Amino acid sequence: MGRKKGVVEFEESPPDDFDPSNPYKDPVAMLEMREHIVREKWIDIEKAKILREKLKWCYRIEGVNHLQKCRHLVHQYLDATRGVGWGKDHRPISLHGTSSSFSCFEY
């Protein structure tokens, strides 16, 4: 048993034959759509993790000046984490925040 050569490539777009009004019409398309949604969520989560690590390093390096020097990273991180997660999809936007709800972080 050996390793496969090359990189696995995924379709970047959702399946064309998926019908959101009747998702159970084509079970294969429904599963492909579910895989697409999960893959996109994992990409968003990993992007947020990378931004969080950059923000940690900025705080450590800048010290007391982090409020001015890391401001752009704070905004990027807040935008990246807004609405990301597994349990927030079906909640109203008022419960998981909008851009105005983070105004307390304005410096």
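Modeller: The nonpolar core and its helix pair

The largest nonpolar core is made up of nine residues: Ala-48, Leu-51, Leu-55, Cys-58, Cys-70, Leu-73, Val-74, Leu-78 and Ala-80. Such a core is a set of buried Ala, Val, Leu, Ile, Met, Phe, Trp, Tyr and Cys residues joined through side-chain atoms within 4.5 Å. Buried means under 20% relative accessible area, exposed over 50% and partly exposed in between, with a 1.4 Å probe and protein chains only. Two or more residues of this core come from each of helix H1 (27–62) and helix H3 (71–81); helices (H or I, at least four residues) and strands (E, at least two) are DSSP runs, numbered from the N terminus.

The model is predicted: local features need pLDDT of at least 70 and side-chain atom pairs count only at pLDDT 80 or more, whereas totals for chains, interfaces and linings use all residues. Residues are numbered from 1 along each chain as its sequence is written, and side-chain values use heavy atoms, with hydrogens and water left out.

H1 and H3 pack with their axes 9 Å apart, at an angle of about 155°. Axes are lines fitted to C-alpha atoms, for helices over the stretch in contact, and angles run from 0 to 180 degrees between N-to-C directions. H1 is therefore roughly antiparallel to H3, a label for angles over 145 degrees, while those under 35 count as roughly parallel, 65 to 115 as roughly perpendicular and the rest as oblique.

On the H1 side, Ala-48, Leu-51, Arg-52, Lys-54, Leu-55, Cys-58 and Tyr-59 meet Leu-73, Val-74, Gln-76, Tyr-77, Ala-80 and Thr-81 of H3, contact meaning heavy atoms within 4.5 Å. The residues of this contact divide into nine nonpolar, two polar and two charged. Here Ala, Val, Leu, Ile, Met, Phe, Trp, Tyr, Cys and Pro count as nonpolar, Asp, Glu, Lys and Arg as charged, and the others, Gly among them, as polar.

Cys-70, also in the core, is in contact with Leu-55, Cys-58, Tyr-59 and Glu-62, leaving aside its neighbours within four places in sequence. Leu-78 lies in H3 and is buried, at 12% relative accessible area. Its C-alpha atom is separated by 9.6 Å from that of Arg-52, 26 residues apart along the chain.

Lys-41 is found in H1 and is also buried, with a relative accessible area of 13%. The C-alpha atoms of Lys-41 and Val-84 are separated by 7.1 Å, at 43 residues apart along the chain.

As for the setting, the chain has four helices and zero strands, and buried residues make up 18% of its 107 residues.
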